[in-house]
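Please read this report with the sequence and the structure side by side. Each heading covers one part of the chain.

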Amino acid sequence: MPAPDWRRPRRARVVRVRERLREVYGIPLMRPHGHPIAELVLTVLSQSTNDRNRDVAYLRLRDRMPTWEAVRDAPLAEVEEAIRPGGISKVKSERIQAILRAISDDPRDPEHELSLDWLPRVPLLQARDYLCALPGVGRKTAACVLLFSYGLREVPVDTHVSRVGMRLHLLRPGAPFVELHNEMLALTPPGEELELHVNLLRHGRRTCHARAPACSQCALARMCPSRVLFAG
């Protein structure tokens with residue numbers, strides 16, 4: 001007799017959560033953009049800032065250094081100045097250049113040494129392990145690259161997704177991010193990775209706030225075991 005699948009009740013809840021979030025936020029229309037290095041750099045720039053400052057920093061960088069080779073080879077001070085609007089530019093500029101040099105030093109696409117176009121042609125675990133071995137790249141960043149660049153089966157778990165997932169008892173409170181990613185991926189129906197990630201993210205930003213969640217306005221309140229903790 002097979003062992004019981006302890007994820008089954010949570011999988012059913014994920015389906016209900018997805019359906020309710022779809023009613024509120026719709027289905028994201030994003031398509032894989034096919035630019036993994038751009039996604040890596042954007043993710044680095046997004047740390048400790050908002051989307052607007054991230055985008056300003058990225059556009060300044062690309063305007064001043066139109067190729068990734070130029071970003072890699074530029075004086076560090078020039079990269080730092082270009083991305084200054086994104087905050088902590090010294091740390092981010094060093095990390096971006098370290099990532100680009102690591103990709104060049106171990107090219108998987110010999111004809112184009114600064115390329116990650118080979119990622120969708122290898123097994124997912126191999127692609128993920130490669131990304132996670134790059135300087136400063138963790139599971140969330142790797143998941144963003146794989147999902148947003150190529151539509152591969154990954155679900156990024158940021159602070160918003162993890163908070164909503166824990167309050168809904170989909171994810172174990174206090175679990176390390178590797179476990180959170182593994183569990184969210186296991187619970188997400190294939191083909192719905194992007195929709196679930198984006199709508200959980202939207203819900204965390206707009207309603208399920210960290211300190212004062214708007215439970216009275218929450219579309220998920222009836223299925224949320226944590227709502228009693230915030231009843232005022």
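## Two residues with positive phi

Ser48 sits in the loop that joins α2 to α3, the helix of residues 51-64. The model is a predicted one, and in it the phi angle of Ser48 is near 60°, a positive value in a residue that is not glycine. Most residues other than glycine have a negative phi. Ser48 has a relative accessibility of 71%, and because the cut-off for exposed is over 50%, Ser48 counts as exposed.

Ile88 is found in the loop between α5 and α6. Its phi is near 35°, again a positive value in a residue other than glycine. The relative accessibility of Ile88 is 47%, so Ile88 counts as partly exposed.

## Confidence of the prediction

The average pLDDT of the protein is 92, and 96% of the residues score at least 70. Helix α5 (residues 76-82) has the highest confidence, at 97. The lowest is in helix α1 (residues 8-25), where the mean is 89. Where pLDDT is low, the predicted coordinates should not be read in detail.

## Helix α2 against helix α3

Two packed helices are described by the angle between their axes and the distance between the axes. For α2 and α3 the angle is about 130° and the axes are 9 Å apart. This angle makes α2 oblique to α3. The two helices cross in a right-handed way.

On the α2 side, the contact consists of Ala38, Val41, Leu42 and Leu45. These residues meet Arg54, Asp55, Ala57, Tyr58 and Leu61 of α3. Sorted by class, the contact of α2 with α3 has seven nonpolar residues, two charged residues and no polar ones.

## Helix α2 against helix α6

Helix α2 (residues 36-45) also packs against helix α6 (residues 89-105), at an angle of about 155° and with the axes 10 Å apart. How are α2 and α6 oriented to each other? Angles over 145 degrees count as roughly antiparallel, and α2 and α6 are therefore roughly antiparallel to each other. The crossing of α2 past α6 is right-handed.

From α2, the residues in this contact are Ile37, Leu40, Val41, Val44 and Leu45. From α6, they are Lys92, Arg95, Ile96, Ile99, Leu100 and Ile103. The contact of α2 with α6 contains nine nonpolar and two charged residues, and no polar residue.

## Ile103 and Ser115

Ile103, a residue of helix α6, has a relative accessible area of 0% and is therefore buried. Leaving out residues up to four places away in sequence, Ile103 touches Ile37, Leu40, Glu113, Leu114, Ser115, Leu116, Tyr130 and Leu134. Tyr130 is 27 residues from Ile103 along the chain, and the C-alpha atoms of the two are separated by 9.6 Å.

Ser115 belongs to the loop between α6 and α7. Is Ser115 buried or exposed? Its relative accessible area is 5%, and because buried means under 20%, Ser115 is buried. Apart from its neighbours within four places in sequence, Ser115 is in contact with Ile37, Ile103 and Asp109.

## Helix α7 against helix α8

Helix α7 (residues 124-132) and helix α8 (residues 139-150) have axes that come within 9 Å and cross at roughly 130°. The two helices are therefore oblique to each other. The crossing in which α7 passes α8 is right-handed.

Which residues meet in the packing of α7 and α8? From α7 they are Leu124, Ala127, Arg128, Leu131 and Cys132, and from α8 they are Arg139, Ala142, Val145 and Leu146. By class, the contact of α7 with α8 has seven nonpolar and two charged residues, with no polar residue.

## Gly165 in helix α9

Gly165 is part of helix α9 (residues 159-167). With a relative accessibility of 0%, Gly165 counts as buried. Gly204 lies 39 residues from Gly165 along the chain, and their C-alpha atoms are separated by 9.5 Å.

How values were computed. Residues are numbered from 1 along each chain as its sequence is written. This is a predicted model: local features need pLDDT of at least 70, side-chain atom pairs count only at pLDDT 80 or more; totals for chains, interfaces and linings use all residues. Side-chain values use heavy atoms; hydrogens and water are left out. Axes are lines fitted to C-alpha atoms, for helices over the stretch in contact, and angles run from 0 to 180 degrees between N-to-C directions. Helices (H or I, at least four residues) and strands (E, at least two) are DSSP runs, numbered from the N terminus. Angles under 35 degrees count as roughly parallel, over 145 as roughly antiparallel, 65 to 115 as roughly perpendicular and the rest as oblique. A crossing is left-handed if the near helix is turned anticlockwise from the far one by less than a right angle, and right-handed if clockwise. Contact means heavy atoms within 4.5 Å. Ala, Val, Leu, Ile, Met, Phe, Trp, Tyr, Cys and Pro count as nonpolar, Asp, Glu, Lys and Arg as charged, and the others, Gly among them, as polar. pLDDT is the predictor's confidence in each residue, from 0 to 100. Buried means under 20% relative accessible area, exposed over 50%, partly exposed in between (1.4 Å probe, protein chains only).
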